[in-house]
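Thank you all for coming; please have a look at the structure on the screen, and I will then talk you through a few of its details.

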Amino acid sequence: MSTDRLRPLRAEDLPLVRAWRNHPAVRQHMFTTHEITADEHAQWFQRQQADATRRLYLFERDGVPQGFMHLSGVRPGGVCEWGFYAAPDAPRGTGRAMGAATLAELFEVEQVHKICGQVLQGNRASLRFHEALGFQPEGVLPQPHVGADGQRQDVHCYGLQAEAWRATRTG
């Protein structure tokens, strides 16, 4: 049986997470698609550390880093947003395990009311992922994003409330 855990992202993790983020398979599904430089990534990390409502986690399975989770707006009773990616070579099912661990952390420990996620129209895996975890579609923003190819893309909005999450865990 494997051991999954979320742990706070540390400065020494930045090269690994940046390599994942810059991998073409990950980058193509991001809102910002340029390659992130080491300096840009370090500055981003510093800004995140200065915001008490942000959480950055590394997801590990059996002590091996497998994914990254970014959360904003985290506070008891609040509504937060998440963004994430699995390592490009992560085994199948890593995303779902990372998502489940994060939902437990946010709803049980952080006591948030709701988690929101946004998915670019072409990212079918992320659309399925949100629905598999119990998120409900909350609407589509028509073409607010311009992809790396210059084409406008819809953004699908999802939400999951603590009450609905708890019902799936006890029902």
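I will speak about confidence, then about one histidine, and finally about the cysteines.

What you see is a predicted model, in which local features need pLDDT of at least 70 and side-chain atom pairs count only at pLDDT 80 or more, while totals for chains, interfaces and linings use all residues. Residues are numbered from 1 along each chain as its sequence is written, and side-chain values use heavy atoms, with hydrogens and water left out.

The pLDDT, which is the predictor's confidence in each residue from 0 to 100, has a mean of 89 over the protein chain, and 93% of the residues reach 70 or more.

Let us turn to His-70, which lies in strand β3, residues 64-72, where a strand is a DSSP run of E with at least two residues, numbered from the N terminus. His-70 is buried at 16% relative accessibility, and buried means under 20% relative accessible area with a 1.4 Å probe, protein chains only. Leaving aside residues up to four places away in sequence, His-70 touches several residues, among them Trp-44, Gln-48 and Trp-82, where contact means heavy atoms within 4.5 Å.

Now, how many disulfides are there? With a disulfide taken as a pair of cysteine sulfur atoms within 2.5 Å, the count is 0. For Cys-116, the nearest cysteine sulfur belongs to Cys-80 and is 7.5 Å away, while for Cys-157 the nearest is that of Cys-116, at 8.1 Å. Cys-116 is buried at 17% relative accessible area, and Cys-157 is buried as well, at 16%.

How values were computed:
Buried means under 20% relative accessible area, exposed over 50%, partly exposed in between (1.4 Å probe, protein chains only). Helices (H or I, at least four residues) and strands (E, at least two) are DSSP runs, numbered from the N terminus.
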